[in-house]
Amino acid sequence: MTAEEMKTEQGPQEIPVEGMDISPKGDQGVLKQMKKEGSGTENPMIGDKVSVHYTGWLPDGTKFDSSRDRKDKFTFDLGKGQVIKAWDIAVATMKVGEICQVTCKPEYAYGASGSPPKIPPNATLIFEIELFDFQGEDLSTEEDGGIIRRIRVKGEGYSKPNEGSVVELKLQGTHNGHVFDERELQFEVGEGESLRIPPGVETALQQMEKGEEAVLYLKPKYGFDSTGYEPFQIPPNAELKYEIKLKSFEKAKESWEMNTDEKLEQGVLVKERGTQYFKAGKFRQAVIQYKKIVQWLEHESGLSDEESAKSKSLLLAAFLNLAACYLKLVEYRQALEHCNKALEFEPNNEKGLFRRGESYMGVNEHELARDDFAKVIQLYPNNKAARTQIAQCQQRIREQHQREKKIYANMFQRLAEKEEKVRERALRLEGNILSEKVFL
């Protein structure tokens, strides 16, 4: 029988203060007594979302709260200050299925102020907690569970690396229990692919604090994707595990920290770097570089005529190059978006019109694609590629019309057959009625 069940049967009674001291300072501030052992080998880590049932009492046996009474499990992010200190300490020691009693001194609970009206000032609290589940924090921008982080050691401070930060870290990568990468290195965030660092690791680094030690679980999309990586003996579509310690980092300047001259100067440099990545077939890294130009300059105002011309030139190149990257990555909607932005600067830009035509073909908007390619030929008669693309558009339009014709023909055939069946039933009904009249 659990403490909760005993107190329900016997009513309020004084609860003995006992258990093992698990407070970090060893000051008897948090005592834990095991009621039922859990299963598995892992405990929740900082940042994990945990799910528990609990009941809380004052030392005299007065119950002040219970999730069981509400029949609703309580969830919170461990180690993020969402609960009293004692809970963050105690739950981190538990395993799934475990039930324990936790006694909390006031300084690990609600302190000198208490939590009126149920919890008086300087109150020692006693909880029975049952852990049902815990899971790591999802860091993927699409929230698809592709990058799961579990924090083994919390970092210091609140600052985190941004795009372009120089980071120093120690990492170990494993696949199916096999260590395939173990090293200490320093690099600029955004340059990781050239050092065989998967994109999921770079995404996670931008959410880490100095000194943090974390375990990352990467789905294939955020690892080495469908190609794998032969030098590491990573097969296609492999799930990876990385253990990372962020030793230090030097944060890159944010946009608001840079003046116009710096933005223009850096814009030229990252454009060149992006082009190098593009030529090497590293399209994701190229995207990162070109996006920096957009971030720095898209909303820059108060420019002189000369600065405005340079800014426009860099932005136009960035949008066109981003479109080219997304076409290579088969992300046609993104390509279309950046073509449109480029054409806002130059409505008759040859590359912009041509790449938008390719993007329209990618999303099966063949008429719109044909119109863009036709405009390219009108403005730039020597563009042979556009003529070829128009021919492909015409072919796909014809094929689409044939498919639609077949669909409609089948639909009309089914309607005709249905009408014929209705007519036959009506005739049979009419015949039955006439027969009945004859016999009457």
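## Strand β9 and its sheet

Strand β9, residues 147-153, is mostly covered, with 5 of its 7 residues buried. Buried denotes under 20% relative accessible area, exposed over 50%, and partly exposed the range in between (1.4 Å probe, protein chains only). Helices (H or I, at least four residues) and strands (E, at least two) are DSSP runs numbered from the N terminus. The model is a predicted one, in which local features need pLDDT of at least 70 and side-chain atom pairs count only at pLDDT 80 or more, while totals for chains, interfaces and linings use all residues. Residues are numbered from 1 along each chain as its sequence is written, and side-chain values use heavy atoms, with hydrogens and water left out.

β9 has two pairing partners described here. Strand β8 (residues 137-138) is joined to β9 by 2 bridges, and the two run antiparallel; two strands pair if DSSP finds at least two bridges between them. Glutamate 137 has arginine 149 of β9 as its bridge partner. With strand β12 (residues 213-218), β9 pairs in the antiparallel sense over 6 bridges. Isoleucine 147 stands opposite leucine 218 of β12, and isoleucine 148 has tyrosine 217 of β12 as its bridge partner.

## Strand β7 and its partners

Strand β7 is also mostly covered: 8 of its 11 residues are buried. β7 pairs with β3 in the antiparallel sense over 9 bridges, and with β6 in the antiparallel sense over 6 bridges. Glutamate 128 of β7 takes part on both sides: threonine 55 stands opposite this glutamate, and glutamine 101 has it as bridge partner.

## Aromatic residues

The structure holds 17 aromatic pairs. Rings of Phe, Tyr and Trp (its six-membered ring) pair if their centres lie within 6.5 Å; planes under 30 degrees apart count as stacked, over 60 as edge-to-face and the rest as tilted. Tryptophan 87 and phenylalanine 127 form an edge-to-face pair, at 5.4 Å centre to centre and with 85° between the planes. This pair links distant parts of the chain, since tryptophan 87 belongs to helix α3 (residues 85-91) and phenylalanine 127 to strand β7 (residues 125-135), 40 residues apart.

Tryptophan 87 is buried, with a relative accessible area of 4%, and phenylalanine 127 likewise counts as buried at 4% relative accessibility. Both belong to one aromatic cluster formed by Tyr54, Phe64, Phe74, Phe76, Trp87 and Phe127. Elsewhere, lysine 73 lies over the face of phenylalanine 132, at 4.6 Å from the ring centre. A charge sits over a ring if NZ of Lys or CZ of Arg is within 6 Å of the ring centre and within 35 degrees of the ring normal.

## Nonpolar cores

In soluble globular proteins, nonpolar side chains tend to be buried together. A nonpolar core is a set of buried Ala, Val, Leu, Ile, Met, Phe, Trp, Tyr and Cys residues joined through side-chain atoms within 4.5 Å. The largest such core has 29 residues, of which Phe76, Trp87, Val91, Leu125, Phe127 and Ile129 touch the most other members. The elements giving two or more residues to this core are β3 (49-57), α3, β6 (99-104) and β7. A second, separate core of 26 residues includes Leu171, Phe224, Phe232 and Ala238.

Beyond its neighbours within four places in sequence, phenylalanine 76 is in contact with residues including Val50, Val52, Trp87 and Val91, where contact means heavy atoms within 4.5 Å. Leucine 205 lies in helix α4 (residues 199-205) and counts as buried at 0% relative accessibility. Leaving aside neighbours within four places in sequence, leucine 205 is in contact with Pro161, Val167, Leu169, Phe187, Ile244 and Leu246.

## Annotated regions

For "domain: PPIase FKBP-type", an unreviewed UniProt entry lists residues 47-135 and 164-250. UniProt positions are given in the numbering used here, feature names are shortened, and annotations may be inferred rather than shown by experiment. Residues 47-135 are 12% helix and 38% strand, with end C-alpha atoms 9 Å apart. Residues 164-250 are 8% helix and 44% strand, and their end C-alpha atoms also lie 9 Å apart.
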